[in-house]
Amino acid sequence: MHKILSVLLGLSLIAAALAACSGGGRDAAPGGDSAATNADDGIMRIYFIPKNLGNPYFQALSAGFYDAISELGEDKFDYIYTGPKTAEATSQTDYVREAVQNGADAIFIAANSNDALNEVFDEARAAGVRVYTINQDIRGGEAHRDAAILPVDLDAVGAALIELLAQQIDYEGQFAILSATTDAPDQTLWVESIKAELANNPAYERMELAAVVYGDDQTEKSAMEAEALLSAYPDLKGVIAPTAVGLPAVCEVVRSAGLAGKVKVTGLGLPSEMAAFVKAGVCESFQLWNPLYEGYIGVYMVWAEENEGFLPEPGASFSAGKLGKYTIPPSGRILTLEAPMLYDASNVDVYAVLF
Ligand code: RAM
């Protein structure tokens, strides 16, 4: 039932996102936007700064912003999707400053570091701009943002991923992790959770973590790292890639090496990019959530603040259109879904048309 609802909502989100591309939002060239508006002009100016541009995962998340904007009225918003080409700890700093200079009301940011942006977040908030982390929170730095919008409970993701791989390799043998960047708040959390599960859960005592490598959410680097893993560890049984860029890159390398089914690959990815690998037997199953929901909820939260007196504080509620009511918990972390979804040959095509 839940999945059917997700599909239906996802379909309408995509349709609305496509329709909205002609107005209400734009993709800004880095460093290029200087048309500041007055904060009192009635237009809600929203920035979304992803970890890096060219990452299809964040484009899907951005489509959720467009969808909510098209529902609420394109003429009421100015939505700007802008960010760095690469996902280093400090590569987003200038984009936050630029958003403030350009009269942003709210900045949504998939932060590349838990602490490197604290100062620039403080500057933005002192200038009256709301700062929301999205897709992952800044652990230990929560006092520097207003609230967080997360896809699911990220603390549970690492354990789910090692269990998924364990089932595929019969709880035995060497495996590796191909992560994104070494500083990414979500990635570091998942790598640590996988290590903790491995150390503490007796179910995994016959499994061994051979290496953790980093593809920086870049396809070429991820592929290079995957090739190096295959030659360094000829007995490798599996790879977990909890990144939407890294997962298909590893799959491509495993397929080219003729190792489909011999080296199991799983992780987090977009169904649209993974469907072919599932059908080719390179990836049995993988997980994700609905990235569009995050942007969709974010826009409704800004709307509620502008129009309904909502303030982003624990206990405060707002209505997020088709997704219903959300209340900010004491942690400040709003979860869009309870748990990740599993994709395999039985459902990947259904979701591949959505994101
Ligand atoms: C990557 C990013 C992102 C992660 C997704 C699944 O592109 O690292 O943070 O949540 O994949």
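How far is an oxygen atom of the ligand from an N or O atom in the side chain of Q187? In this structure, which is a predicted model, that separation is 3.2 Å. The protein covers 100% of the 300 Å² of accessible area that the ligand has on its own, and the ligand sits in the largest cavity.

Two elements give two or more residues each to the shell around the ligand, namely helix 2 (56–72) and helix 6 (185–200). Of the elements in the model, helix 6 gives the most to this shell, with three residues.

The shell can also be described by its members and their classes. Around the ligand there are 15 residues, of which K51, N55, D186, D217 and A244 come nearest. Sorted by class, the shell has seven nonpolar residues, five polar residues and three charged residues.

| Residue | Atom of the residue | Atom of the ligand | Distance |
|---|---|---|---|
| K51 | polar side-chain atom | oxygen atom | 2.7 Å |
| N55 | polar side-chain atom | oxygen atom | 3.0 Å |
| Q187 | N or O atom in the side chain | oxygen atom | 3.2 Å |

Definitions and conventions: Residues numbered from 1 in each chain as written. Predicted model: local features only at pLDDT ≥ 70, side-chain atom pairs only at ≥ 80, totals over all residues. Heavy atoms only, no water. Near = heavy atom within 4 Å. Polar contact = N/O pair within 3.5 Å; in protein donor to acceptor, adjacent residues only side chain to side chain. Areas by Shrake-Rupley, 256 points an atom, 1.4 Å probe, with all protein chains shown as cover. 1 Å grid on protein atoms, 1.4 Å probe; cavity = no way out; pocket = protein on both sides within 12 Å on 5 of 7 lines; lining within 4 Å. Sits in = over half its atoms within 2 Å of the grid points. Helix = DSSP H or I, 4+ residues; strand = E, 2+ residues; numbered from the N terminus. Nonpolar A, V, L, I, M, F, W, Y, C, P; charged D, E, K, R; others polar.
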